[in-house]
Amino acid sequence: MVLDGKPGAWGAVRGGRRRTGRVGAGSQPLRVFPAFSCVLKQCEDVDLSFLQHPEGSDFFSGTKRGTLFLTPYRVIFVTSHSVNDPMFSFMMPFDLMSNCVIEQPVFAPNYIKGTIQATPDGGWEGQAIFKLSFRKGGAIEFAELMMKASSAGHIFWQGYYMSNVVSL
């Protein structure tokens with residue numbers, strides 16, 4: 001998991017240049033993840049909040065609204081253009097996510113809740129409990145596709161590792 005502007009962060013790319021930090025309100029990022037990644041699902045108007053997070057970091061405070069992307073190996077949240085929020089994007093690799101559940105409250109949008117571990121040099125330490133609320137729907141479909149992608153990625157890497165070990 002990486003916060004934009006920290007070591008190892010993926011910045012928004014515009015005009016072929018890598019940017020870290022906030023993209024100005026008048027510009028749109030063209031790419032927020034590596035060019036070799038593909039997007040399996042995109043959901044607009046999603047809220048990201050952290051129910052429990054490491055002490056002393058203002059990156060995790062408040063509710064962030066933005067777009068959620070599902071790739072074969074991670075979930076990427078990109079905030080809407082808000083000057084007040086220091087977080088531009090937040091990446092959650094499947095192998096660092098755990099305890100993911102989908103909740104269907106009666107009078108609120110469906111949401112996915114889970115735990116995310118920090119990566120080394122990711123700008124924070126420990127773990128956090130995240131909540132992704134799907135204001136325009138799509139939580140169940142996103143969660144199902146995320147589970148399929150996570151399983152497929154695990155099988156791919158396991159097969160890749162085994163084929164390389166056998167060929168040695």
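Two strands count as paired if DSSP finds at least two bridges between them. Strands are DSSP runs of E, at least two residues long, numbered from the N terminus.

This is a predicted model: local features need pLDDT of at least 70, side-chain atom pairs count only at pLDDT 80 or more, and totals for chains, interfaces and linings use all residues. Residues are numbered from 1 along each chain as its sequence is written, and side-chain values use heavy atoms, with hydrogens and water left out.

**Stop 1: the sheet.** Select the 7 strands of the open sheet, in the order S6-S5-S4-S3-S9-S8-S7. Pairing is antiparallel. At the edges, S6 (89–93) and S7 (97–103) each pair on one side only. From one strand to the next, the twist averages 30° (axes are lines fitted to C-alpha atoms, and angles run from 0 to 180 degrees between N-to-C directions).

**Stop 2: S3 and S4.** Show residues 41–52 and 64–70. These strands, S3 and S4, pair in the antiparallel sense over 6 bridges. Pick Leu48: its bridge partner in S4 is Lys64. Now go to Asp45, found in strand S3. Asp45 is not a glycine, yet has a positive phi of about 60°.

**Stop 3: the ring cluster.** Select Phe50, Phe60, Phe90 and Trp124, which ring pairs link into a cluster. Rings of Phe, Tyr and Trp (its six-membered ring) pair if their centres lie within 6.5 Å; planes under 30 degrees apart count as stacked, over 60 as edge-to-face and the rest as tilted. The whole structure holds 5 aromatic pairs. Phe50 and Phe90 form an edge-to-face pair, 5.1 Å centre to centre with 75° between the planes. Phe50 is in S3 and Phe90 in S6, 40 residues apart. At 8% relative accessibility, Phe50 counts as buried; Phe90, at 0%, is buried too (buried means under 20% relative accessible area, exposed over 50%, partly exposed in between, with a 1.4 Å probe and protein chains only).

Stop 4: Asn99 is in strand S7. Its phi is positive, about 55°, although Asn99 is not a glycine. At 61% relative accessibility, Asn99 is exposed. Move to Asn110, in the loop between S7 and S8. Asn110 is partly exposed, at 23%. Among the residues Asn110 touches are Glu103, Leu132 and Phe134 (contact means heavy atoms within 4.5 Å). Its C-alpha lies 7.7 Å from that of Arg135, 25 residues apart along the chain.

Notes. Helices (H or I, at least four residues) and strands (E, at least two) are DSSP runs, numbered from the N terminus. Lists of a residue's contacts leave out its neighbours within four places in sequence.
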